[in-house]
Amino acid sequence: AIITGFFAAIFGGTPAQVSGPTGPMTIVMSLIVTKYLALYPDSGLALAFFTVFLAGLFQICFGLLKLGKYINLMPHAVISGFMTGIGVIIIVLQLPQILGFYEIKGSTLNIFSELGNVGQLFSNFGAISLAIMTLIIIYLLPKKITKIVPSPLVALTFGTLILLILPEYFASNSEPYSQMILGDIPTGLPSFQLPVIELSIISEVIISALTLAILGSIDSLLTSLVADEITRTQHDSNKELIGQGIGNTLSGLFGGLPGAGATMRTMANVKAGGYTPISGSLHAILLLIIVLGGGKFASHIPLAVLGAILVKVGTDIIDWNFLKNISKIPKVSVVMMTTVLLITVFYNLMVAVAVG
């Protein structure tokens with residue numbers, strides 16, 4: 001997140017984009033790590049990170065070959081369904097934090113199922129009250145203040161301080177303070193490592209790297225399209241691919257996961273007023289500060305406050321304009337949008353886009 005996020009922001013073609021490990025990329029990378037560790041217990045992990053390095057080089061080549069232009073063929077209805085689906089997912093994933101059931105995790109379906117089995121759904125006063133206070137600040141803070149400081153940052157600071165100062169009013173036996181906060185964050189950085197190559201399986205490594213490169217490129221450019229929709233700007237697809245490639249190439253050299261443009265983080269950034277590469281690079285720098293020791297300050301952030309902030313982000317991402325005018329939109333587009341929305345929420349983001 002630090003390396004890919006910083007260099008993708010500096011060299012990329014989507015000013016508001018925030019990059020880092022994403023769900024699809026991490027899933028594929030976990031399979032690659034498992035596969036190469038099974039084949040080579042001693043060097044398998046280093047070989048997996050060489051795959052990330054190689055994937056970054058492929059992405060740079062995609063950009064130089066100007067393949068990014070093809071993302072513009074994506075129908076608006078698909079983008080709308082994808083955006084609305086992402087918004088719904090963000091909101092659903094925050095429900096356990098807001099309601100104080102921190103042990104409930106997983107997919108949207110799993111969260112609905114687990115919450116449905118909870119007897120007293122609104123029994124955790126501490127989490128719910130923190131979430132409500134956060135939403136009140138975000139929605140009602142005067143504009144003259146939000147022009148200087150984003151409302152989510154004010155809400156985050158206030159929510160953290162009030163729980164820290166008055167834990168007896170929010171924590172309880174059923175909802176202890178230690179469960180309500182972010183908790184300990186690991187510190188330290190990995191060291192630089194030279195690429196490890198196994199010529200006997202080089203063809204498999206190339207296929208794995210191409211898979212990561214293609215998936216990462218689609219993931220990033222989809223986020224670029226969503227950012228365009230929100231900011232009313234036009235990204236540079238080929239420059240974005242080169243930026244992502246530089247980030248992943250360097251990330252692989254430091255034992256980092258492959259990254260891509262992260263839709264949820266990018267939307268959070270845009271809604272907080274971040275429209276330039278400075279915000280994307282600052283995101284990476286702040287993460288660097290946290291892993292170098294600043295994590296002790298972030299560890300006291302309440303999960304309910306983070307959840308409430310992300311609920312606001314989720315509602316902002318939903319394509320309300322499409323939904324308001326759904327009766328005037330051609331039925332083919334409505335079916336396409338609805339299909340992408342449902343597959344996104346209940347199955348898989350990338351499959352949804354492919355189907356759409």
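A crossing is left-handed if the near helix is turned anticlockwise from the far one by less than a right angle, and right-handed if clockwise. H11 passes H13 in a right-handed crossing. Helices here are DSSP runs (H or I, at least four residues; strands are E, at least two), numbered from the N terminus.

This is a predicted model: local features need pLDDT of at least 70, side-chain atom pairs count only at pLDDT 80 or more, and totals for chains, interfaces and linings use all residues. Residues are numbered from 1 along each chain as its sequence is written, and side-chain values use heavy atoms, with hydrogens and water left out.

**Helix packing**

Two packed helices are described by the angle between their axes and the distance between the axes. Axes are lines fitted to C-alpha atoms, for helices over the stretch in contact, and angles run from 0 to 180 degrees between N-to-C directions.

| Helix pair | Angle | Axis distance |
|---|---|---|
| H1 and H14 (residues 277–298) | about 160 degrees | 8 Å |
| H11 (residues 202–231) and H13 (residues 263–271) | roughly 20 degrees | within 10 Å |
| H4 (residues 76–99) and H11 | about 90 degrees | 10 Å |

Angles under 35 degrees count as roughly parallel, over 145 as roughly antiparallel, 65 to 115 as roughly perpendicular and the rest as oblique.

Take H1 and H14, whose axes pack at about 160 degrees. That angle makes H1 roughly antiparallel to H14. Their crossing is left-handed. Contact means heavy atoms within 4.5 Å. H1 supplies Ile2, Gly5, Phe6, Ala9 and Ile10, while the H14 side includes Pro277, Gly280, Ala284 and Leu288. By class, this contact has ten nonpolar, three polar and no charged residues. Ala, Val, Leu, Ile, Met, Phe, Trp, Tyr, Cys and Pro count as nonpolar, Asp, Glu, Lys and Arg as charged, and the others, Gly among them, as polar.

H11 and H13 cross at roughly 20 degrees. H11 is therefore roughly parallel to H13. Thr223, Val226, Ala227, Ile230 and Thr231 of H11 meet Thr263, Thr266, Met267, Val270 and Lys271 of H13. Five of the residues in this contact are nonpolar, four polar and one charged.

H4 packs on H11 at about 90 degrees. This makes H4 roughly perpendicular to H11. From H4 come His76, Ile79, Phe82 and Met83; from H11 come Leu222, Leu225, Val226, Glu229 and Ile230. The classes here are seven nonpolar, one polar and one charged.

On a 1 Å grid over the protein atoms alone, a cavity is a set of points where a 1.4 Å probe fits but cannot get out, and a pocket is an open set with protein on both sides within 12 Å along at least five of seven lines; lining residues have an atom within 4 Å of a point. Grid points are joined across faces, edges and corners, and a volume is the space filled by probe spheres set on the points.

The count is one cavity of 30 Å³ or more. Its lining is Ala8, Ala9, Gly12, Thr14, Gln17, Ser19, Glu240 and Gln244. Helix H1 (2–11) and helix H12 (237–253) each give two or more residues to that lining.

The second largest pocket has a volume of about 270 Å³. Of its 14 lining residues, Ala1, Ile2, Ile3, Pro190 and Gly256 lie nearest the centre. H1 and H14 each give two or more residues to the lining of this pocket.
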